[in-house]
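Subject: Structure handover and findings

Dear colleague,

Please find below the structure I am passing on to you. My notes on it follow directly after.

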Amino acid sequence: MNGREAMPGNEQMVVEQEEGHHDSSHFGLSILEQMVMVVLNHRYLVLSIVAGALVLGLLLTFIATPQYTSTARIEILPDAPVSTSVEGQRDRSLVNEVSFYNTQYSLLESRSLAERVVRAGNLTANEEFLRVFKLENPEGNLSSAQRQSLTTNAATVLLDRLKVSPVRASSLVDVSFSTPSPELSAKLTDLWVTQFVQSSIDRRFAATSDARKYLETRLDTLRQNLETSERGLINYATSRGIVTISARKDANGNTESDTLVGSDITEISRALARAREQRIIAEADLSSSLTGAGLVNGQALASLRQRRADVEAELARLRTTFGEEYPAVVSLRAQLAALDRSLSAEMGRSSQGNREAYNAAVKRERQLQSELDELTNKYNVQQRDSIQLAILQREVDSNRQLYDGLLQRYKEIGAAGVGTNNISIVDRAKVSAVPSSPNLQLNLVLALLPGLIIAFGLALFLERMDSSVRDPQEVSGRFGLPLLGAIPESLGQDVADAIVDKKSTIYEAYFSVMTNLTFLTEHGAPRSIMLTSSRPKEGKSNSSLSVATVLAATGKSVILVDADVRNPSLNRYLDIPMKRGLSHYLAGDDHVDEMIMPLTKFGFSIITAGKKPPNPAELLGSERLEQLIEQLLTRYDHVLIDAPPLLGLADAPLIAQRVEGVLFVIEANVTKGRAVATALNRLRMSGARIFGAIVTKVGAKNQAYGYGYGYGYGYGYGNDTRDED
């Protein structure tokens with residue numbers, strides 16, 4: 001079974017945490033705080049790299065050859081500006097304009113223009129140009145290939161020095177050249193923009209001449225095609241009897257025709273619709289004598305009905321007074337019968353008129369339907385013929401559109417000519433009086449940026465590689481230990497002097513440790529405590545001295561035993577003689593009282609390590625150590641043992657088995673996480689009870705975590721010449 005398999009679960013977890021990538025040093029911090037912390041922790045490295053970058057930029061600025069820049073400004077207008085309110089056309093116009101300007105910028109930087117400038121300015125024979133750019137001075141007789149090679153090299157030099165800068169949101173473009181000679185820069189710039197304008201005019205002239213010749217040939221051909229297609233269309237329509245009344249153009253430019261038969265069908269359809277409406281109205285009037293033709297007799301019927309009502313009322317009145325045989329009653333009955341006969345006759349005449357009107361409407365509808373059917377049959381015949389007619393019409397329309405388009409283009413070319421140009425020179429180049437480069441401020445900025453990037457990257461790399469404890473709070477998550485206290489770094493003052501001053505931050509920090517110790521067991525602070533660390537010089541002995549002092553200040557009787565018999569330090573640190581000590585007792589000397597030395601200044605007693613024995617591990621592993629601790633506990637409230645470091649020695653695990661628990665000391669910013677994890681695993685494997693950790697020498701590097709100078713601890717620990725274990 002290997003060591004890891006023998007570990008309890010929590011110990012194995014601690015080792016695995018340290019073996020993997022660990023970034024808990026940034027626990028609880030924002031990204032900005034982490035960046036600031038990285039820079040502060042490696043500030044000297046960062047400052048050195050940044051200073052080196054600035055010095056390098058300064059040197060390059062002073063040794064660089066001055067360059068003079070001349071700039072000319074030209075205006076480039078689109079060939080055919082489009083003004084429209086249609087959104088889709090506006091978008092296409094914008095795309096075309098962007099494409100146009102990108103093309104012009106590419107032409108400004110083209111090799112053909114560069115070679116044209118070389119030839120126009122005769123630069124291959126210009127001594128200043130050849131001298132400035134260190135080109136070979138050609139001899140008198142050159143072959144065609146050599147002359148072309150020299151022109152190509154000169155064009156390459158020009159393209160390297162050329163700078164084309166479009167002016168934003170305008171049609172202006174700045175063309176610049178930078179050379180060591182201000183006069184040469186101005187000359188090259190003027191040559192470049194002049195030849196660019198001239199090359200544009202040349203292209204327009206060549207394009208116009210070729211286009212006119214081509215269009216003339218095409219117009220003759222299209223004119224003949226148009227005449228032939230129109231003649232065929234008319235002949236076919238005449239042979240088929242198709243009479244066209246009107247013609248119009250649709251949105252696509254195609255011709256739509258209205259024929260005579262189609263127009264007649266439209267008119268008959270409208271008349272049939274009106275006749276059908278009249279027939280429906282007459283059919284509805286058949287059941288009423290007061291509508292339609294019966295409306296003419298409506299007044300007579302109304303008059304007869306009114307007279308009958310009057311006679312009937314008079315008859316009813318007389319009947320109530322006289323009998324049926326009374327002459328007036330008989331006369332009124334006769335009048336009433338005559339009125340009824342008249343009403344019947346009038347109503348019969350009204351119904352007969354509505355019937356006649358209905359019959360006439362039906363006849364009219366049938367006549368119109370018959371005419372429509374006849375025209376429809378004729379139209380269907382023409383529709384079959386119109387297929388070929390439409391084909392011929394489309395051919396005519398296509399030929400006409402092609403002819404009209406080319407004719408319009410031919411007129412535009414003739415009107416525009418080549419006398420105007422869309423490119424013009426706005427500002428000529430001027431000879432620069434001051435160099436444009438090197439620019440000291442710009443070079444320093446350009447040097448500073450990579451310097452900062454390199455410095456921060458290197459600092460971040462070193463930070464990531466550092467597995468030491470930066471944040472004291474992380475000991476719980478990384479090592480599974482409670483944090484009992486964070487001890488500040490002390491600058492210029494011994495811990496032995498600071499711990500007896502109850503107003504010092506050292507005393508306050510260890511008093512906090514002592515307070516936390518009182519909560520570890522049911523009886524308060526543990527009675528027997530061992531203090532150890534993973535490696536020497538972590539502040540273990542100073543912590544033993546300080547914890548003992550603070551416990552004694554609370555009224556407890558305390559004794560401190562220096563168990564580091566291999567390398568004792570308390571006697572040197574406290575300037576006390578090395579006489580009888582722990583090694584003597586473990587070797588068999590029972591005179592304990594003679595070994596105890598009271599320290600009045602600190603309020604506790606001490607047993608020094610004694611002389612270095614030849615077999616320290618055997619002595620510390622014997623029962624004599626346990627007997628000594630039990631004997632001291634009968635006389636003192638607390639027994640503190642300053643044990644050796646864990647790594648590389650077997651002493652500390654042997655001592656840990658004899659005490660109530662262990663306080664583990666970790667030096668901030670120095671001790672590696674793997675060393676701490678390995679030391680803790682050794683302790684746990686021995687069965688020791690670890691109360692918690694004390695993080696020592698917390699200083700300026702830990703300010704970002706709320707410790708050090710920014711958290712009330714303004715002093716230091718361990719940077720003086722008497723820094724001990």
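The model is a predicted one. Leucine 58 lies in helix 4. On the surface, Leu58 belongs to a nonpolar patch together with Leu56, Leu60, Phe62, Ile63 and Leu440. The accessible area of these residues together is about 610 Å². Helix 4, which covers residues 43–63, is the main contributor to the patch, supplying five residues.

Helix 17 (residues 540–553) presents another picture. Of its 14 residues, 13 are buried, so helix 17 is largely enclosed by the rest of the structure. From first C-alpha to last, helix 17 reaches 20 Å, close to the 20 Å expected at 1.5 Å a residue.

Turning to the strands, an open sheet is formed by four of them, ordered 2-3-1-6 with antiparallel pairing. The edges are held by strand 2 (162–166) and strand 6 (423–427); each has a single partner strand, so one side of each lacks a neighbour in the sheet. On average, and with direction ignored, neighbouring strands of this sheet are turned by 30° against each other.

Strand 2 runs antiparallel to strand 3 (residues 172–179), and five bridges join the two. Within strand 3, valine 173 stands opposite proline 166.

Yours sincerely

Terms used: Residues are numbered from 1 along each chain as its sequence is written. This is a predicted model: local features need pLDDT of at least 70, side-chain atom pairs count only at pLDDT 80 or more; totals for chains, interfaces and linings use all residues. Side-chain values use heavy atoms; hydrogens and water are left out. Patches are made of residues with over 30% relative accessible area and no salt bridge: like charges are joined within 9 Å, nonpolar side chains (Val, Leu, Ile, Met, Phe, Trp, Tyr) within 5 Å. Accessible areas come from the Shrake-Rupley method with a 1.4 Å probe; for residues, only the protein chains shown count as cover. A salt bridge is a side-chain nitrogen of Lys or Arg within 4 Å of a carboxyl oxygen of Asp or Glu. Helices (H or I, at least four residues) and strands (E, at least two) are DSSP runs, numbered from the N terminus. The expected span of a helix is 1.5 Å times one less than its number of residues. Buried means under 20% relative accessible area, exposed over 50%, partly exposed in between (1.4 Å probe, protein chains only). Two strands pair if DSSP finds at least two bridges between them. Axes are lines fitted to C-alpha atoms, for helices over the stretch in contact, and angles run from 0 to 180 degrees between N-to-C directions.
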